[in-house]
Amino acid sequence: MHIRTLTGGFAAAVVVSLSLTGGQAAAAHHAAADAPAAARVLTYDASGSAEFRSAVDRGAAIWNESVDAVELRPAATGQRANIRVVADNGWPRALTTSLGNGTVYMGRQAVDQGYNTIRISAHELGHILGLPDRKPGPCSSLMSGSSAGTACTNPYPNAAEKAEVEGNFGGALVGPAPTVRAGGIVD
């Protein structure tokens, strides 16, 4: 009789313990699923960007302020960067090797014609983030590029451009986590 009571009590304790642990695990899983996804970090090497270094850093900062799914950071010394930024005498351009990877050319030709260096930087980084040119376009569209004219100095992506980058890097694909009710039923 004493053994039956002990084993019955032990079994009850195990069931209660597992129920609590399972509930905590479900709660922890639910909390983790509700947490925002970590931004994909892309590094850039602007050591070859010459006089455009501050414009490149500002262009990266603008993207960091504008989207959550991706973050642009300067590469550490000796680190292989996702994005290489160089200055040259041609027209600004970006050559992507894959989403989030490639080379940005900060071309002096556009700067000599009066285009804003920070807008150029943010625009070309936009290509690396998966955005196409949208020409002709208004100044409110970062990806309208040179078609907005030299008077346009807006370096910020519009709502549609931000949403596209979020989608490119998974930010728009993350929905709410399912709700786990008692008994492990998922809504």
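Biologist: Which residues does Arg 134 touch, not counting residues up to four places away in sequence?
Modeller: In this predicted model, Arg 134 lies in the loop between H4 and H5. Leaving out residues up to four places away in sequence, the residues touched by Arg 134 are Ser 141, Met 143, Ser 144, Ser 147, Glu 161 and Glu 164.

Biologist: How far apart in space are Arg 134 and Ser 144, C-alpha to C-alpha?
Modeller: Ser 144 is among the residues that Arg 134 touches. The two are 10 residues apart in sequence. From C-alpha to C-alpha, the distance in space is 4.7 Å.

Biologist: Is Arg 134 exposed, partly exposed or buried?
Modeller: The relative accessible area of Arg 134 is 33%. Buried requires under 20% and exposed over 50%. Arg 134 is therefore partly exposed.

Biologist: What is the omega of the peptide bond from Lys 135 to Pro 136?
Modeller: Pro 136 is found in the loop between H4 and helix H5 (159-168). The peptide bond from Lys 135 to Pro 136 is cis, with omega near -10 degrees.

Biologist: Which loop holds Ala 50, and what is the phi of Ala 50?
Modeller: Ala 50 is found in the loop between E1 and H2. With 45% relative accessibility, Ala 50 counts as partly exposed. Ala 50 is not a glycine, yet its phi is positive, at about 50 degrees.

Biologist: How do the residues of the contact of H2 with H4 divide into nonpolar, polar and charged?
Modeller: H2 passes H4 in a right-handed crossing. On the H2 side the contact includes Ala 55, Arg 58 and Trp 63, and on the H4 side it includes Thr 117, Ser 121 and Leu 125. The residues of this contact divide into eight nonpolar, four polar and one charged.

Biologist: Which element supplies the largest share of the largest nonpolar core?
Modeller: Of the 29 residues in this core, those touching the most other members include Trp 63, Leu 72 and Leu 129. Elements that each supply at least two residues include helix H2 (53-66), strand E2 (70-74) and helix H4 (117-128). The largest share, four residues, comes from H4.

Biologist: Which residues does Leu 72 touch, not counting residues up to four places away in sequence?
Modeller: Leu 72 is one of the core residues that touch the most other members. With residues up to four places away in sequence not counted, Leu 72 touches Leu 42, Tyr 44, Ala 60, Trp 63, Asn 64, Ile 83, Leu 125 and Leu 129.

Technical notes:
Residues are numbered from 1 along each chain as its sequence is written. This is a predicted model: local features need pLDDT of at least 70, side-chain atom pairs count only at pLDDT 80 or more; totals for chains, interfaces and linings use all residues. Side-chain values use heavy atoms; hydrogens and water are left out. A nonpolar core is a set of buried Ala, Val, Leu, Ile, Met, Phe, Trp, Tyr and Cys residues joined through side-chain atoms within 4.5 Å. Buried means under 20% relative accessible area, exposed over 50%, partly exposed in between (1.4 Å probe, protein chains only). Contact means heavy atoms within 4.5 Å. A crossing is left-handed if the near helix is turned anticlockwise from the far one by less than a right angle, and right-handed if clockwise. Ala, Val, Leu, Ile, Met, Phe, Trp, Tyr, Cys and Pro count as nonpolar, Asp, Glu, Lys and Arg as charged, and the others, Gly among them, as polar.
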